[in-house]
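Reader: I would like to learn how to read a model of this kind, one feature at a time. Where should we begin?

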Amino acid sequence: MSIVLSSAKQALLPDAIKLYVNDLDEATAATVLAKYTTELPNTYISYSGTTGMSTQSDYVRIDGPNVWIEFSYQGGVIIKNTPHSHSVWRDHTSDYGGK
């Protein structure tokens with residue numbers, strides 16, 4: 001399911017995005033976050049499973065013109081039936097040889 005976000009919900013996204021971009025140096029993180037923040041009206045949340053993000057197969061995606069963040073809760077390979085998190089952050093326009 002994809003959700004178009006209200007302005008109030010859009011205001012919550014920068015905190016989630018900061019968890020990823022704050023791994024960059026401070027100046028770069030501020031620049032990237034500012035870019036993503038201006039794009040919030042065109043950013044969507046998609047999810048499957050539960051909204052608790054604590055059950056095997058729960059999945060959420062933040063998907064905007066540039067930002068792409070995925071978080072999933074997957075079943076254990078080493079420790080069976082023990083869910084653990086997987087996550088990735090990408091930029092649609094600057095990753096893998098982009099600008």
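Reader: Which elements does the protein chain contain, and in what order do they run?

Author: The protein chain has three helices and five strands. From the N terminus on, the order is β-α-α-α-β-β-β-β. Along its principal axes, the C-alpha trace spans about 40 × 30 × 25 Å.

Reader: How should I read the confidence values?

Author: The general idea is that where pLDDT is low, the predicted coordinates should not be read in detail. Here the mean pLDDT of the protein chain is 86, and 91% of the residues reach 70 or more. Among the elements, strand 1 (residues 2-4) has the lowest mean, 66. Helix 3 (residues 26-38) has the highest, 95.

Reader: What do the totals for burial, surface and contacts come to?

Author: Of the 99 residues of the protein chain, 29% count as buried. The accessible surface comes to about 6400 Å², and 57% of that belongs to carbon and sulfur atoms. For contacts, take those between residues at least 6 apart in sequence: 35% of them join residues at least 24 apart.

Reader: Now the charges. How many are positive and how many negative, and how far apart are their mean positions?

Author: The protein chain has 7 positive and 10 negative charges, and their mean positions are 5 Å apart.

Reader: How do I go from charges to pairs?

Author: Side chains of opposite charge can pair when their charged atoms come close. The cut-off used for a salt bridge is a nitrogen to oxygen distance within 4 Å. By this rule the count comes to four salt bridges.

Reader: Which residues pair with Arg-61?

Author: Asp-63 forms a salt bridge with Arg-61, with the closest N and O atoms 4.0 Å apart. Glu-70 also forms one with Arg-61, and there the closest N and O atoms are 3.4 Å apart. Arg-61 itself is partly exposed, at 26% relative accessibility.

Reader: What is the sequence relation between Asp-15 and Lys-18, whose side chains meet in a salt bridge?

Author: Asp-15 and Lys-18 are three residues apart in helix 2 (residues 13-21), so about one helical turn separates them. Their salt bridge has an N to O distance of 3.6 Å. Lys-18 is partly exposed, at 32% relative accessibility.

Reader: Is Gln-10 buried or exposed, and what does Gln-10 touch?

Author: Gln-10 lies in helix 1 (residues 7-10) and is buried, with a relative accessible area of 14%. Setting aside neighbours within four places in sequence, Gln-10 is in contact with Leu-5, Leu-40 and Pro-41.

Reader: Where does Pro-41 lie?

Author: Pro-41 is in the loop between helix 3 and strand 2 (44-48). A relative accessible area of 51% makes Pro-41 exposed, because exposed is taken as over 50%. Pro-41 and Ser-7 are 34 residues apart in sequence, yet 7.8 Å apart in space, C-alpha to C-alpha.

Reader: Which residues is Ser-72 in contact with, leaving aside neighbours within four places in sequence?

Author: Ser-72 is found in strand 4 (residues 67-74) and counts as buried, at 12% relative accessibility. With those neighbours left aside, Ser-72 is in contact with Asp-58, Tyr-59, His-84, Ser-85 and His-86.

Reader: What about His-84?

Author: His-84 lies in strand 5 (residues 84-91) and counts as partly exposed, at 30% relative accessibility. His-84 and Ser-54 are 30 residues apart along the chain, and their C-alpha atoms are separated by 8.6 Å.

How values were computed:
Residues are numbered from 1 along each chain as its sequence is written. This is a predicted model: local features need pLDDT of at least 70, side-chain atom pairs count only at pLDDT 80 or more; totals for chains, interfaces and linings use all residues. Side-chain values use heavy atoms; hydrogens and water are left out. Helices (H or I, at least four residues) and strands (E, at least two) are DSSP runs, numbered from the N terminus. Buried means under 20% relative accessible area, exposed over 50%, partly exposed in between (1.4 Å probe, protein chains only). Contact means heavy atoms within 4.5 Å. Accessible areas come from the Shrake-Rupley method with a 1.4 Å probe; for residues, only the protein chains shown count as cover. Lys and Arg count as positive and Asp and Glu as negative; His and the chain ends are not counted. The place of a charge is taken as NZ of Lys, CZ of Arg, CG of Asp or CD of Glu. pLDDT is the predictor's confidence in each residue, from 0 to 100.
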